[in-house]
Each structure stands twice: as structure tokens, then as C-alpha cells.
Amino acid sequence: MAAPLAPAPTPAEIRSLLMRANRLLGASLVEANLITVDQLESANEKLLELIAGGTPRQCTLLGVLAYDLKVVKEEDVLQYCVDEHSIGLVDLHHYEGAEDVRVGLSHPACWATWTVPFDRDEDFTLVASAYYLSPSVRSFWEKQLGGHVIWYGTTLEAIADTLERLASAAKS
């Protein structure tokens, strides 16, 4: 049996997590030579505007870099994760996910970190993330899930669609 989830983060903790996740993702992308410091600074300005707007699906540094500024491709970031960190990739579009993983899952934390735990196998939780390169994302989820985590990379779209599908299912 997996360890119980840590308590859901408060709104203030979510905002702090969102800021750390994006800041450290940006630093990792620069360190990996996937973007420049100037590109990161431009993206951070745009991201702050989006955060002020409050729509979770838009509050993503990677989204700004890839789709607004078009300075990096999501596929290149995922390929870097595969090549340099040996993580697998997962397509969540048709994945229902395990019920015991969905119960108690903090959707705001998922949006803030662009990460979704999606299955459990004994003591291991399988986690998909578009923000694997952010150390704060990995440490948050490892602490939150309280056990062994197996990481997978995925796209922003896959995370967003999964979260919207889970929210819709929870309402019905």
C-alpha cells in the first residue's frame, strides 16, 4: 500500500510552487543550452502577465517559450529529458488513471507544476510531467506522494487535457 498523500497545499503554497517551478525550469533550460538568458527574461515577463490573469492553463513558462516566443520546441525539451535523464515518455490522452491516485489529488498543484500522478504499482507512483527539468517540481511530488516515483515526460497539452478530463469527471 502506498503512503498517504501529504495535505493539499494552500493557495499561497500553490503560488509559491508555481513561481519556483517556472523559475527553476527556466534555469534548467538555460543550463541545458535549450534557451538563452535573454529568451528566459522575455518569457518571464510574459509569464508574470499570464499569472496575473489567473488562468492555470496559460501559466506556463514552457508554453510561453514554445508557443508564444517560439524559441524552443517542446519535443526538444522532451528529447533532452530522455537523452540526459533517461526518463520515458507517456501519452496520457486516452489514459484513465488509477482511482487510488486520483483520490485526494490537488489539481492546483498539478497545474502549478504541470505534472500528474497517473498510476500506482505497489510502492511506486507513476508521474507524468512537462516540467521534469524543474528540481522543485520533482522534490514537491516526491514529498507529496511519500514513496517511490517513476517519472515520465509528456507534453503540456497532455497534462492540460488530463487535468480538464479529471475535473470534468469529478463534477459528474
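Which helix does Ala 158 lie in? Ala 158 lies in helix H8, where helices (H or I, at least four residues) and strands (E, at least two) are DSSP runs numbered from the N terminus. Before going on, bear in mind that this is a predicted model, where local features need pLDDT of at least 70 and side-chain atom pairs count only at pLDDT 80 or more, while totals for chains, interfaces and linings use all residues. Residues are numbered from 1 along each chain as its sequence is written, and side-chain values use heavy atoms, with hydrogens and water left out.

**Ala 158**

Is Ala 158 buried or exposed? With a relative accessible area of 1%, Ala 158 is buried; buried means under 20%, exposed means over 50%, and partly exposed is in between (1.4 Å probe, protein chains only). Leaving aside residues up to four places away in sequence, Ala 158 touches Leu 92 and His 93, a contact being heavy atoms within 4.5 Å. Now look for Gly 147: Ala 158 and Gly 147 are 11 residues apart in sequence, but 24 Å apart in space, C-alpha to C-alpha.

**Salt bridges**

How many salt bridges does a search of the whole structure find? The search finds 2 salt bridges, each being a side-chain nitrogen of Lys or Arg within 4 Å of a carboxyl oxygen of Asp or Glu. Here they are:

| Pair | N to O distance |
|---|---|
| Arg 57 and Asp 161 | 3.5 Å |
| Arg 57 and Glu 164 | 2.7 Å |

Arg 57 sits in the loop between H2 and H3, and Glu 164 in helix H8, so this pair ties together parts that are 107 residues apart in sequence. Arg 57, Asp 161 and Glu 164 are linked in a network of salt bridges. How open are these residues? Arg 57 counts as partly exposed at 34% relative accessibility, Asp 161 counts as partly exposed at 21%, and Glu 164 is partly exposed at 36%.

Two packed helices are described by the angle between their axes and the distance between the axes. The axes are lines fitted to C-alpha atoms, for helices over the stretch in contact, and the angles run from 0 to 180 degrees between N-to-C directions.

Take H1 (residues 11-31) and H2 to begin with: they pack at an angle of about 160 degrees, with their axes 10 Å apart. That makes H1 roughly antiparallel to H2, given that angles under 35 degrees count as roughly parallel, over 145 as roughly antiparallel, 65 to 115 as roughly perpendicular and the rest as oblique. Residues making this contact include Leu 18 and Met 19 of H1 and Leu 47 and Ile 51 of H2.

What about H2 (residues 37-53) and H3 (residues 61-68)? Their axes come within 9 Å and cross at roughly 115 degrees, so H2 and H3 are roughly perpendicular to each other. Among the residues in contact are Leu 40 and Leu 50 of H2, along with Val 64 and Asp 68 of H3. The residues of this contact divide into 7 nonpolar, 2 polar and 2 charged; Ala, Val, Leu, Ile, Met, Phe, Trp, Tyr, Cys and Pro count as nonpolar, Asp, Glu, Lys and Arg as charged, and the others, Gly among them, as polar.
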